[in-house]
Amino acid sequence: MEWNPERLAPEDYIELLNFSFGDSWNAELFHWYMQRPFAGRTPDLAVLCLDGKPVSGAAVNYRQLRDPQGRIHNVGVISGAWTHPEARGHGYYTRVMRESANRVATQGCELLLGFVTADNDSSKGMKTAGAWMIPTAYVMSTSVPAGIGNLPTVTEENSKPATLHPLHNVHCSTATGFHYASMDDWTAQILHRPGPVEILRIGDDAVAVIEQTADTDRLQWLSSREQDKVACLSALAARATAAGRQLFAFCTGPSLDACVAAPGLRAQEGFITCLPAGRTSASMEAMLAGPWEVHSGDRV
């Protein structure tokens, strides 16, 4: 497998992505997800070739997790993993994942993470490679039925990153989540996104970051009490519906089942896949088995 091959220009790699996924990638998205430096570290780009022809690949972004005990874990995160349609079914994806785990181990990382839906071949490939599977759900609004109760009010919020970044770290005190060492790192990931972003207040205590795409409000970050998450999702779904749009949310943690069952929402089962980059320790196994609090905006 080749790492960061100079013979492939960005436009060549984008062509491979679009041939594998459909025409959804452009230069801006390629840079944000697969080239953008973060906290001083540049992603690595992997390409697996057969007889000189690219057949599979992915980007590896470098991030950190913080567990409830306050330990910081360096991790690699897979982004834009692809396999050429004519090369599928031969185990190339699994090979890319295993070699990527070896790569991140040399970079001081303990885990290689991926985000997959349960019905995706990538999910099967990561499980085959030996990954731990952390349950998640990809949630879309369908409608907001009448009579579900009084929903909290959603209003525009003027909070600054300096007040929001500490709220992110609060959640890592009870569950494993992505760690942002500085406010600038958090802002670069959660607020400086490819699409327009708005900060919303939900009720008195909750704050949400929404990224707008063509017809969808994507909930990228939510700070709320665990018991208020379902009401927050319903309120945001009602707001999106009133504007003729949909709400997308990514759910993890103790409220996962309740969010999935909320009226007016439909969910697709998914996983955070965690492939050890070396031998697992007792503390790592405890982290993998414990609660996780990951936001959609954390994903790359």
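Me: Before we dig in, what pLDDT do side-chain atom pairs need here?

Reply: This is a predicted model, with totals for chains, interfaces and linings using all residues, local features needing pLDDT of at least 70, and side-chain atom pairs counting only at pLDDT 80 or more. Residues are numbered from 1 along each chain as its sequence is written, and side-chain values use heavy atoms, with hydrogens and water left out.

Me: At what angle do α1 and α2 pack?

Reply: Helices here are DSSP runs of H or I with at least four residues, strands are runs of E with at least two, and both are numbered from the N terminus. Axes are lines fitted to C-alpha atoms, for helices over the stretch in contact, and angles run from 0 to 180 degrees between N-to-C directions. On that basis α1 (residues 10-21) and α2 (residues 27-34) have axes 10 Å apart and pack at about 95 degrees. That makes the pair roughly perpendicular, a label for 65 to 115 degrees (under 35 is roughly parallel, over 145 roughly antiparallel, the rest oblique).

Me: How many nonpolar residues are in the contact of α1 with α2?

Reply: Contact means heavy atoms within 4.5 Å. On the α1 side the residues are P10, Y13, I14 and L17, while α2 brings A27, F30 and M34. Ala, Val, Leu, Ile, Met, Phe, Trp, Tyr, Cys and Pro count as nonpolar, Asp, Glu, Lys and Arg as charged, and the others, Gly among them, as polar. No polar and no charged residues turn up in this contact, and the nonpolar ones number seven.

Me: Why do the buried residues of α9 line one face of the helix?

Reply: Buried means under 20% relative accessible area, exposed is over 50%, and partly exposed is in between (1.4 Å probe, protein chains only). In α9 (residues 282-289) the buried ones are M284, M287 and L288. Take the directions from the helix axis to the C-beta atoms, which define the arc: the buried residues line one face because they fall within an arc of 95 degrees.

Me: And which exposed residues sit on the face of α9 turned away from its buried side?

Reply: The buried residues of α9 pack against β3 (53-66), β4 (72-83), β5 (111-117), β6 (132-141) and β13 (265-276). Turned away from that buried side, the helix carries the exposed residues A282, A286 and A289.

Me: What does α4 pack against through its buried residues?

Reply: The buried residues of α4 are S122, S123, G125, M126 and A129. They cover an arc of only 165 degrees, which puts them on the same side of α4, while the face turned away carries the exposed D121, K124, K127 and T128. The buried set packs against α3 (92-106), β5, β6 and β13.

Me: Which backbone oxygen does the H168 side chain reach?

Reply: H168 lies in helix α5 (residues 161-171) and is buried, with a relative accessible area of 2%. Leaving aside neighbours within four places in sequence, H168 is in contact with F178, Y180, W186, W221, H295 and D298. At 2.7 Å, the side chain of H168 reaches the backbone oxygen of F178.

Me: How far apart in space are P54 and H84, C-alpha to C-alpha?

Reply: P54 is found in strand β3 and is buried, with a relative accessible area of 13%. Not counting residues up to four places away in sequence, P54 touches L16, V47, L48, C49, W82 and H84. P54 and H84 are 30 residues apart in sequence, and their C-alpha atoms are separated by 7.8 Å.

Me: Is A39 buried or exposed?

Reply: A39 is in the loop between α2 and β2 (44-50). A39 has a positive phi of about 50 degrees although it is not a glycine. With a relative accessible area of 53%, A39 is exposed.

Me: Last one: what is the relative accessible area of N4?

Reply: N4 is found in the loop between β1 (2-3) and α1. N4 has a positive phi of about 50 degrees without being a glycine. N4 is partly exposed, with a relative accessible area of 35%.

Notes
A polar contact is a pair of N or O atoms within 3.5 Å; within protein, one must be able to donate a hydrogen and the other to accept it, and residues adjacent in sequence count only if both atoms are side-chain atoms.
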